[in-house]
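Colleague: I have a model open and I'd like to learn how to read it. Can you take me through it piece by piece?

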Amino acid sequence: MTLRSVLRAIAHPQLATEDPGATPGAHPVLAGPLHGSLQLRHVDAGSCNGCELEVTSAFGPVYDAERFGVRLVASPRHADALLVTGPVTKNMVGPLERTFAAMPEPRIVIALGDCARDCGVFRGGYGVEGAVGDVLPVDVHISGCPPHPEAIIEALRGLTDR
Amino acid sequence: MTGLAQVSSTVLMAFVQIAVVAVGGPLLLGVMRKVRSRLEGRVGAPIHQPLLDLRKLLTKQRMRPREASWIFGAGPVILVATAVAVAAISPLATTRPPLGQSSDFFAIVLVLLLGAVFLALSALDTGTPFAGMGSSRAMTIGALAEPALLVAILAMSIPTRTSNLPALVRIGLAHPSVIASPARILALGSFLVVILAESGRLPVDNPNTHLELTMIHEAMVLEYSGPDLGLIILGESMRLVLLLGLLVNLFLPWGVANRPGALMFVIGLGALALKVVVTGVAIAVFEVFTAKMRLFRLPELLAGGFILAVLGAVTAMAAR
Amino acid sequence: MSNASLIVTATAGLAAAIAGGALPVRRRVGAAVLLTWGSCASAIAGAVQVLHSGHALVLQSSAILPLTGVNLALNPLGAVFVIATAVVALASTLYWLGYASHGLSTRTASTALPLFVTSMLLVPAAASVATFLVLWELMALSSLVLVLTDQSRREAARSAATWYALMTHAGAAAILLALVLLSAHAGGQTFADIQAHAHHMSGALRATVFILALLGFGSKAGAVPLHVWLPKAHAEAPGPVSALMSGAMVNLGIYGIVLVGNVLLGGGPVWWWLCVSTLGVVSALFGALYAATSTDLKRLLAYSTADNMGLVLIALGASGMFAATGHQVTAAIAMVATLLLMVNHSAFKGTLFLAAGSVLVATGTRDLDRLGGLMRRMTFTGAAFLVGALSVMALPPFNGFVGEWLLFQSLLHGLPTANTAVVIAVSVGVAALALTGGLTVAAFVKAMGIGFLGRPRSDEAAAAHEVPITMRLGAGVLATLCVMLGLVPMLVIPALERAAQSAGLVGAPSSLHGWVDLHLAGLHGVLAPVLLAGGLTVAAVVVSLVRRMAHRRSSTWPALHAAEPWGSGRVLQTARMQYTATSFAEPLQRVFDDVIRPDHDLDVSHAAESRYYIERIAYRTTNEDVIERGVYRPMINAVRWWGERVRSLQNGSVHRYLAYGLVALVVILVVVA
């Protein structure tokens, strides 16, 4: 990486971000308290990591969820919403409940993917406790196996009203 | 000016400086994030996003660990209070700030240290292992960065025979040769290293990391929520603005108001904003192209800063 | 001027000792404390009188000590030390009232403590060699008795007492030699005689005297490498005794150096003071480093004493160097900084040791790795420790900050000088000041955070409760003093200037603007501690109110005060998972590994059935004082080896002893002839 390439990157940054389109419309209840700022804490309750790849893509340069006021944080105490992927396996019930209990009110649970909604292809597995809705009260579902980044972005934009 | 008019204008000046730093802190944070986003090839959040975050944090529930004492709640307050006090008396927009007589460089550094110490204490008060880890690492880095800072202050104070901050800025304005002197430039290098260490930027600490074992400052605040978290974010961003403001006014003082008067003060504020934003952007660009250093390589970096400061002091003494 | 206060001090102190020894157990501590208070009060009265008027209080008597008589003369320099000692003694004896039931109510202890206090009050007033040495020895012996009194069955206490006894007497021997050389040359043993004849001494003799005095008094002050007794004795002594030793006794080491260097010898060449400053730099760095890596609360405080005394020695050396190169104004300011640092140290170290004593009483342990959660259980003691810790870290608005600011200013303004040695010494001094400041912050955040905050790391800490009111008040009085001296240092600075004057340094007095500003006339330096503190308080209150109001207006959710701490979703979260003092200091220890050279011991025991299964792992790390291990133990081993060899001379045969006598007689006859 030469000095010239660095200077060129600074002077002419190449943006890869796609056009977002019109605002999808605010979620009637949940968007109000957020005032356009949403911090997410992600928990993988037992997924195959397909949804995680889509989340990574949603926060990447092409879809760029951050421009709508969304950010991933490390601690549930800093978070407004809990983003859960995968069916809830038996070992993850306790940690998932503790994570939710550690969040300050008002708090939202977003179930991402078909597995989070109704266990998807893992329904009936011996290690699976149930869907996210069986363990926590879910406010937003994003369906898909895995959900398209645009769907993720649309759900998040509904929460921040941007 | 009559006594009352003078007092009220001083108080007003203090308020304005505090307000500019308090609002400018989150804005600077937003600018730095924006620059980082652009260089990563994406649009990024708008510049005022940290202000929106702070507003939302005020509305969230406050949570306190079961066995924490009063220090847990006092930490964020003292962090912000020290930043407010320093913002009021520092020569940011003018060389005649409120209480300028006692605006001593040594005192200001130690007031900022008071805030950092209380943050470290309140982290230990949470009783969680990661907070202890963050506190331990932060204190180690502070222990090694403070010598560099104090010797850099000495290097800057020797040619001017005073450690009073407004006097340092005034002398810099009046005699530009003092700023271009090798002693000052070496002290500048040392000061930059210390600012990166104290404000937790790369290569010392990654402010965007989610891996607890790589955290230093972030680990200390994992337990805070709601308004307390908002105060901490505000306090940290105010400290960054203050440190950068002192840096630019000591090494590039042009634009600072040297004569009394409201117009000069406003111009000084504008110059401060411009210089701090440019420096912040430079740091953000530097961060994009730098990797975080291993924790146990940091003493080498900080020792390097210390050597620069010592060289600066020796040069200053030799030049007298 | 009436010297009644000196007489009252001595007699009240003696009466206190007798009361402590003679009265039955329920009365003896109370009576001893009351009489000691009388002694301290009259000492303060006399000292204040001296400082106000500038004239010395003189007392002479040939009746008490045969052959030499007793000579006391309290001048302003001594008066400052007397006041510092008396205040710490007042607080410590108040503390003793509550502490007595923990082993400090025996006849021995109740006799020794008042004697200790009285001898410390009178040492700065001594005006002849004999008086000084008698009082010095009395102080050493009574403190030795006190180190042992509480726990004479514990090996650590016995070892500490042995080290203390040996080193304090080695130091006393050096002091004796120095003072005897001075009085032999002067032909008389009063300090006035010595002062009059001092400039006729040859340079080599003066240098010898100074170096001997520096070694002897420096050891008492805790200067590295003569400090090895300090962490042992101060840590093993009971609470009020540690506070007195660290808060009052080490000051007398500084008094001795100033006495010999400035008063008796009338100042000296630059290289003397360079030695003092070098000793100071090494002490400060070493003490701060060991404090930062120590896990025993009282050992940490003791090393911090060595660190602070190092800073005092740096200031003292700077003062001497400036005076020797002709900068009288900066020399006077540096001397005021020395005295201020010392007074501040007495206040905050006394607070810290008394609070640590309370912790020891409440929990039964000094080990930081087993403490925690004490702020909620011992709120007052925790607050006192917090004030002491913030003061020792030199943070505004407490007193340590003012002292360090003054030191920094005097070093900064002393720099423009032609003497290269001074220039290098001053820059090294500032660098040392900075590094020790950083290490001290790490040390006391550890002590405060791990010791008092978080969750209790052991059952003893969880069962702790607040100590009796007298113990709380004792620590509280000194903590309040820390705050007052931080806000209004102008209370003491005129007195310190007069003391500096009587030590031979005359400079421009600092001009005071009411009680607000501290101007250093002759230099460009201003500080307004009250305004700074006021600004900080106002800011803190405003921020707190804004937080509360904004939150109340905008949030519908009440605060949750008993949340489970976030533990990354772990199901089991215990207090043992917190950081301990050892882990807190580990990064620093790793950085300074080559200096500290800790011992690591890893013990892995395998299961009986198979070597592949591990049953138990024990890891132990010890931070033994590297100077003790590298310098003193080899010396002790060498002495022991030599003793073993020489023993063979004494084999019990009378014939051989007669032969020795004959040989000696022949040699003497040959030599005399």
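Predicted model: local features only at pLDDT ≥ 70, side-chain atom pairs only at ≥ 80, totals over all residues.

Colleague: What pattern does chain B follow along the sequence?

Modeller: Chain B goes α-α-β-α-α-α-α-α-α-α-α-α-α, so to speak a run of 12 helices and one strand.

Colleague: How do I read confidence, and where in chain C is it lowest and highest?

Modeller: Look at pLDDT, the predictor's confidence in each residue, from 0 to 100. Chain C has a mean of 89, and 97% of its residues reach 70 or more. Strand β3 (residues 512–513) of chain C has the lowest confidence in that chain, with a mean of 49, while helix α15 (residues 379–392) of chain C has the highest, at 96. The scores for the model are ipTM 0.95 and pTM 0.94.

Colleague: What percentage of the residues of chain A count as buried?

Modeller: The idea is to count neighbours: a residue is buried if 20 or more other C-beta atoms lie within 10 Å of its own, exposed if 12 or fewer, and partly exposed in between, with C-beta atoms placed from the backbone. By that count, 46% of the 162 residues of chain A are buried. For chain B, the figure is 65% of 320 residues.

Colleague: What radius of gyration does chain B have?

Modeller: The radius of gyration is taken over C-alpha atoms, and the globule rule is 2.2 Å times the number of residues to the power 0.38. For 320 residues, a compact globule would come out near 20 Å, and chain B agrees, with 19 Å. Its C-alpha atoms fill a box of roughly 55 × 50 × 45 Å along the principal axes. For chain A, the box is roughly 55 × 35 × 30 Å.

Colleague: How many residues do chain B and chain C bring to their contact?

Modeller: Two residues are in contact if their C-beta atoms, placed from the backbone, lie within 7 Å. Chain B brings 71 residues and chain C brings 69. On the chain B side, α5(B) gives the largest share, 18 residues. That side has 41 nonpolar, 18 polar and 12 charged residues. (Ala, Val, Leu, Ile, Met, Phe, Trp, Tyr, Cys and Pro count as nonpolar, Asp, Glu, Lys and Arg as charged, and the others, Gly among them, as polar.) As for chain A, 11 of its residues are in contact with five residues of chain C.

Colleague: Which strand of chain C pairs with β1(B)?

Modeller: Two strands pair if DSSP finds at least two bridges between them. Here β1(B) pairs with strand β6 (residues 560–563) of chain C, in the parallel sense and over two bridges. Met63(B) has Leu560(C) as its bridge partner.

Colleague: How many residues are in the largest nonpolar core?

Modeller: A nonpolar core is a set of buried Ala, Val, Leu, Ile, Met, Phe, Trp, Tyr and Cys residues joined through C-beta atoms within 7 Å. The largest one has 407 residues, and those with the most contacts inside it include Val84(A), Ala120(B) and Val336(C). Helix α13 (residues 328–363) of chain C gives the most to this core, 21 residues. Leaving out residues up to four places away in sequence, Ala120(B) touches several residues, among them Met139(B) and Val445(C).

Technical notes: Residues numbered from 1 in each chain as written. Chains lettered and ligands numbered in written order. Helix = DSSP H or I, 4+ residues; strand = E, 2+ residues; numbered from the N terminus.
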